[in-house]
Structure formats: C-alpha cells, structure tokens
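I opened this model to look up a few points and keep notes. The entries follow in the order I made them.

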Amino acid sequence: MITRALLTDDRTGKWFLAIVLGLAVVVPLLHLAVPPSSPFHISTATLALLGKYLCFALLALSLDLVWGYCGILSLGHGAFFALGGYAMGMYLMRQIGTRGVYAHPVLPDFMVFLNWKELPWYWYGFENAWFAFLMVMAVPGLLAFVFGWFAFRSRVTGVYLSIITQALTYALMLAFFRNDMGFGGNNGLTDFKDILGFPVQANATRAALFAASAVALALGYLVARAIVASRLGKVLVSIRDAESRTRFLGYRVEHYKTFVFTVSAIMAGIAGALYVPQVGIINPSEFTPANSIEVVIWVAVGGRGTLAGAALGAVLVNFAKTTFTTGFLAPYWLFMLGALFVLVTIWLPKGILGTLYDFWARRRPAEKSAAKSETVPQPAE
Amino acid sequence: MTTLVPTDAPAPLTPSLLYLDGVTVSFDGFRALNELSLQIAPGEMRAIIGPNGAGKTTMMDVITGKTRPDTGEVLFDRGVDLTRLDEAAIANLGIGRKFQKPTVFESHTVEDNILLALKGDRRARHVLMARTSAEEARRLEEILEIAGLSAQRERLAGLLSHGQKQWLEIGMLLAQDPKLLLVDEPVAGMTDAETEATAALLKRISAADHSVVVVEHDMAFVRALGVKVTCLHEGSVLAEGAIDTVSENPRVIEVYLGR
Ligand SMILES: Nc1ncnc2c1ncn2[C@@H]1O[C@H](COP(=O)(O)OP(=O)(O)OP(=O)(O)O)[C@@H](O)[C@H]1O
Ligand SMILES: [Mg+2]
C-alpha cells in the first residue's frame, strides 16, 4: 500500500497517525458511551474544545507545508481557513429553512433583516452538501492559485510576500464586515441547526464531527507527507534554500510554489469547514491578521518543517491559551504568547520536534535515515 | 578590436553554439558589459580571464537569463534568442552553470543534489510522481564516481568542505548534461592536486562534445586547459587567442597580469 510505503521511513508519522486515529475512536466513545458520573467521561464542552484543537492542528500542518518546506512565510493562512469556514457556514445556514426567527423558507435571517428579496447568486447551490463541501476546497484553493500565480510569477518573496498575504486577509476581513457583501456582516453566520440532516448540537453529531476532524488531520498529514517525500518535495526544499539555483537547474519555481500554496490553502479551508459546526459560528474576526500570525507561532513552537510538530505546536499553544485566558492571567495572554515566540526563537529555533530530532540524531548517529530527512540545517527567515 | 589569431580554434565557418553581439548591460549608468561580442563553437572550450569587475560573471548572468541586456543579441543553438527566455527555459535548452560562490542545496544529501540536477522532465506534475529510474540510478553512480563523492553520498551537502562543494557543483553540471557549461571560477579554494584534477575533468567534458566556458583567475589552471583564451576588460574583449599570445599582449599585462 502507498500509505505503508510512505511511512516506512517515518517513525514520527506512524506515531502521529496512531495517536490521531486513536483519538478519533476513543474521545467520541468516552463522550457517548461513558456515563457523565464517571471520571473518564468527556463533556460536551471538552469535546468541542478538542475538536477545535484538531482543526487548528490541520491549519498549522497546512502552513508548515508551505513555510517549513518551501520557505513561503504566509501570514494570511487564516484567510483560507475562514473561507472554508464560510463555505461550510453557508451550507449550514441553508439547512435552517423555516426554523429561523423570520421563518423565511429560503433567505437566512440576516438577509430578511436587510430587506433582501432574493438570494444573491453566490449563495446558489449551498443548500446542497456536496456542492458546499466542494466549495470548501475550491474557494480557498482558487484564491490561493490566483494569488500565488501572480505573486510567484512576479517573484515576490520573503518579507514582501508575507506582507501581501497579511494584506490579503486584512482586505477580506474588511469585505466580510460589510453587510452588503451578503455574509452576515460582523455577526457572521450562526444559529446553525442541522448538518447532513443531523442536529449540530446533538452529542452524537458532535462526536462524529470530532472524529471527522481527526480523520481530516490524518489525511492532511498523509497528503503533506506524500508531497514532501516525493521528488517534488525535494525541489520545494531546494527552492526554500536556494531559489535562484533551483531556477538555473531548469525548475520553474513559480509553478512549484503555486502548486504547494494551493494544496496548503485547500487543507486550511477543510480545517475551517470542520471548525465552524463545532464552534457554532463563523464571523469576520476569523480573518483578523493576528490570527494568521498566531498560526506561525504554533508552527514555530512545534517545529517548522516537521509536519507532526506543527500539529503538536497548535495543540499545545491552544491548550495554553485555553488555560490562561480563563484565569486571572487572562489579560496577559498576548504578552505570554509574544514571549513564548521570542523564547522559542532564541532557545528552540527548531521548535519542540526539531530539537527532539536533533537530540535523537546525536544519541543514535547510526540510524541515518531519520537524521537524513529530518535534522536539516534550516535557514532563518 | 578583437585580435583573431589563428590557433587551434575551430574553422571560422562553423556555426557558433553561442553568439553574443554588441551586448551592453548598465547598472545605474555603469557599464558592466560594453558592446561585448563573443562566439563559442559547438564542442569548444574557452577560458575567460580578466581583472575583477571586468564583467565575466555579468556575462554569464546575461547568457543564463538572470540579467537582461540593455542592447545586443544573445543567440544559442541556431538562433534561439536567449534574451526573451527566463532562467528555467534557458536551463532546459541545455545551458548549465556553476556559480562563482559554490551553491549547492545544503539541506539535501549529496545524492539528492545530483538527482535533482539530472536531466529530465522538470514539470511539477511529472516531478511529483517521479521515481528514480534504473537509468537515473546508473547516471547517479557514474557522476558520484567522477566527482569523487561516492563515499559522501549520504552526507548533507552543507557539511562538505569547500572543495567538495565545488566538485559537487561540477557533478550537478554533469548531471544536467547541458550543451553548454558555464563554469565560474571552479578552482577557487582548491589545492593544487584538486586544481589539476578539475582541469582534467573539464577537458574530458569538452572532449565529450560539450561546449565549456570557464572563467578563472588561476593562470596555471588556464594554461593547463590549453584552449583559446579571451581576456575581458571593462565589459568588452581586450584580447583573444592562444594563451601565449594573450599573455604577451601588452594591454593584457598592463590591466591584468602585471598587477
Ligand atoms: N547587480 C548588480 N548591480 C550593480 N552592479 C553590479 C551588479 N552585478 C555586477 N555589478 C558590477 O558590474 C561589474 C562587473 O561585475 P562582474 O561580477 O561581472 O565582474 P567579474 O568579472 O565577474 O569579477 P570577479 O573576477 O571579481 O568575479 C562590477 O563592477 C560589479 O560591481
Ligand atoms: Mg565574477
């Protein structure tokens, strides 16, 4: 099997997949089958929280694919996440039907409120789950493709590229805040009822959404791993380390970058789509530039260019965020996050997993394969 | 202005593989290349010498598409206009380049560096699915052998010594199997023995019907190559011909050799 061939050289990957898929089974079981009186029971709130972490892990993985392996420091990945989320939100809105406050059979509440008479054309088709799920991937993918095509063809790199990705998410945020855009303005999309015919709030649905997030993360890992382990993945690393050298070997760098950027945006979109039904809302604040910057911190903490590390970083940082933003330390969270980033950059430049790989490589120099693919000198950018 | 001395140079009627005519490149008004004209015949090896800042590297930049000339013609292989193509397209036409400062992919193994350089389909969709073929594996072995890096194949290129990196880069050039090799200061930082071996290797490559343009300051090395020499100065050709003729040229001695 391809999966097996992929993982023969990837010990971390085996562990990662085992854990993620294990969670996909165990967590829903602990939620549904274990009575609330038991200490092993997982509450609805915890389940939703864990599901959210997995979506963030997939988002971090997608960023690591472009940043860690191709040196594209995107500060706008939150935009692709949010677009996937909006596509899912539109589907969920269309499922409400007459159960809305205004009980309009077609128009979502906010459109009735704005006195709109008919559905805007870009909402067509979103009542259909397959169409909506396709859009979850197509919208972020297409935006990334067009954006990448122009940016990479014009050879925008480094800081300049980071800045325009940041501008991209900022522009989208402003656009989505506008009521006349038809996406619910600053309230966004919420009050969801059903997904695929099941009530979104039901325990079983929540458990299924959690399992789906875990499976999506596992699949995202396999896709990313297949890419970085291929010869194309080696070209990506070459571009990261010596872009013009790669061109002089005859590789059309802009095509490679556009490809990986698009794949990554699609992954981010899927993460956003799974996130929305679990948190119950999508609004323009998801496009906030700071969100995209946070994703970079997750990846840096977990280990840039390690895939599994990015996912780990997302979970750890968000766990810390949940812990610290609820107590008396809440006002200081952003300072802590900033400090964390600075400390990691100084003391753990390779992140948690990168540092562990180095440690193992030093302890067991005989095992070359791990050292070969994983402890690579990484350029600072 | 060009002093064409009859040497072992190819017959004048041979169509040239590379043809530069009246090429000018200015950086903020400063002419790095000034009406440069040069022709390289198929299978020819040419050594380029000249003082620092003469425009040797800039010439290679122009040929490989890194720098667009302000004026002038750059034609390759029966009239392909290189000034209209980008770096990747030019590389795929069969022009390979070794940089003045060795540039290898430091976080790849020696083996992967060569594998990525091997001639082949460079389109992303093909490269995504590419598996190392038996033919590629054979070429890889051969090149590792020639570059003397067989024992280092699994090491990260970033861990190689300076000389080894130079050789790896030459190996990558071989892997590309280009029609024209542009080699910028290949022996800088090499020991005498390594320098000799490099000269021998370049001669072998050109004997195998590749055209080679070598830029080098090391006159002993240039002499060892034993080929036609072009001396550049202030962006144009100062003298051209056999090494002995060029090195006796009073202008060449004045601006370059006699320093
Ligand atoms: N991108 C650039 N911008 C401005 N000036 C440049 C640029 N590239 C080269 N030059 C200038 O053009 C002139 C020719 O440089 P070039 O590198 O071609 O010289 P060279 O003959 O290769 O010298 P060396 O023997 O030192 O390698 C130099 O004066 C250099 O400073
Ligand atoms: Mg030079």
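I count two residues as in contact if their C-beta atoms, placed from the backbone, lie within 7 Å. This is a predicted model, so I keep its cut-offs in view: local features need pLDDT of at least 70, side-chain atom pairs count only at pLDDT 80 or more, and totals for chains, interfaces and linings use all residues. Residues are numbered from 1 along each chain as its sequence is written, while chains are lettered from A and ligands numbered from 1 in the order in which they are written.

**Entry: the contact of the two chains**

I looked up who takes part. Chain A gives 23 residues to the contact and chain B gives 24 residues. I then asked which elements of chain A give two or more residues to the side that touches chain B. They are α9 (231-241), α10 (243-248), α11 (253-279) and α16 (368-374) of chain A. The largest share comes from α9(A), with seven residues. My helices (H or I, at least four residues) and strands (E, at least two) are DSSP runs, numbered from the N terminus. By class, I find eleven nonpolar, four polar and eight charged residues on the side of chain A that touches chain B. For the classes, Ala, Val, Leu, Ile, Met, Phe, Trp, Tyr, Cys and Pro count as nonpolar, Asp, Glu, Lys and Arg as charged, and the others, Gly among them, as polar.

**Entry: ligand 1**

Which residues are around ligand 1? I list B:F27, B:A32, B:G50, B:N52, B:G53, B:A54, B:G55, B:K56, B:T57, B:T58 and B:Q100. A residue is near a molecule if its C-beta atom, placed from the backbone, lies within 6 Å of it. Helix α1 (residues 56-63) of chain B gives the largest share of this shell, three residues. The shell around ligand 1 has three nonpolar, seven polar and one charged residues.

**Entry: chain B as a whole**

I get ten helices and ten strands for chain B. Its radius of gyration is 18 Å, close to the 18 Å that the globule rule gives for 259 residues, so chain B is as compact as a globular protein of that length. The radius is taken over C-alpha atoms, and the rule is 2.2 Å times the number of residues to the power 0.38. The C-alpha trace of chain B spans about 55 × 40 × 40 Å along its principal axes. Buried residues make up 49% of the 259 residues in chain B. I call a residue buried if 20 or more other C-beta atoms lie within 10 Å of its own, exposed if 12 or fewer, and partly exposed in between, with C-beta atoms placed from the backbone. Of the contacts in chain B with a separation of 6 or more, 68% join residues 24 or more positions apart.

**Entry: a helix pair in chain B**

I took helix α5 (residues 134-146) and helix α6 (residues 162-176) of chain B. They pack at an angle of about 145°, with their axes 9 Å apart. Axes are lines fitted to C-alpha atoms, for helices over the stretch in contact, and angles run from 0 to 180 degrees between N-to-C directions. B:R139, B:I143 and B:I146 in α5(B) meet B:G171, B:L174 and B:A175 in α6(B). The classes there are four nonpolar, one polar and one charged residues.

**Entry: positive phi in chain A**

A:D191 is not a glycine, yet I find a positive phi of about 60°. A:D191 lies in the loop between β1 (189-190) and β2 (194-195) of chain A. Is A:D191 exposed or partly exposed? A:D191 counts as partly exposed because it has 17 C-beta neighbours inside 10 Å. A:L196, also not a glycine, has a positive phi of about 50°. A:L196 lies in the loop between β2 and β3 (198-199) of chain A. With 12 C-beta neighbours inside 10 Å, A:L196 counts as exposed.

**Entry: loop residues in chain B**

B:D70 is in the loop between α1 and β4 (71-76) of chain B. B:D70 has 11 C-beta neighbours inside 10 Å, so I log B:D70 as exposed. Leaving out residues up to four places away in sequence, B:D70 touches B:T24, B:V25 and B:S26.

B:D77 lies in the loop between β4 and β5 (80-81) of chain B. With 18 C-beta neighbours inside 10 Å, B:D77 counts as partly exposed. B:D77 and B:Y19 are 58 residues apart in sequence and 8.6 Å apart in space, C-alpha to C-alpha. Not counting residues up to four places away in sequence, B:D77 touches B:L17, B:L93 and B:K179.
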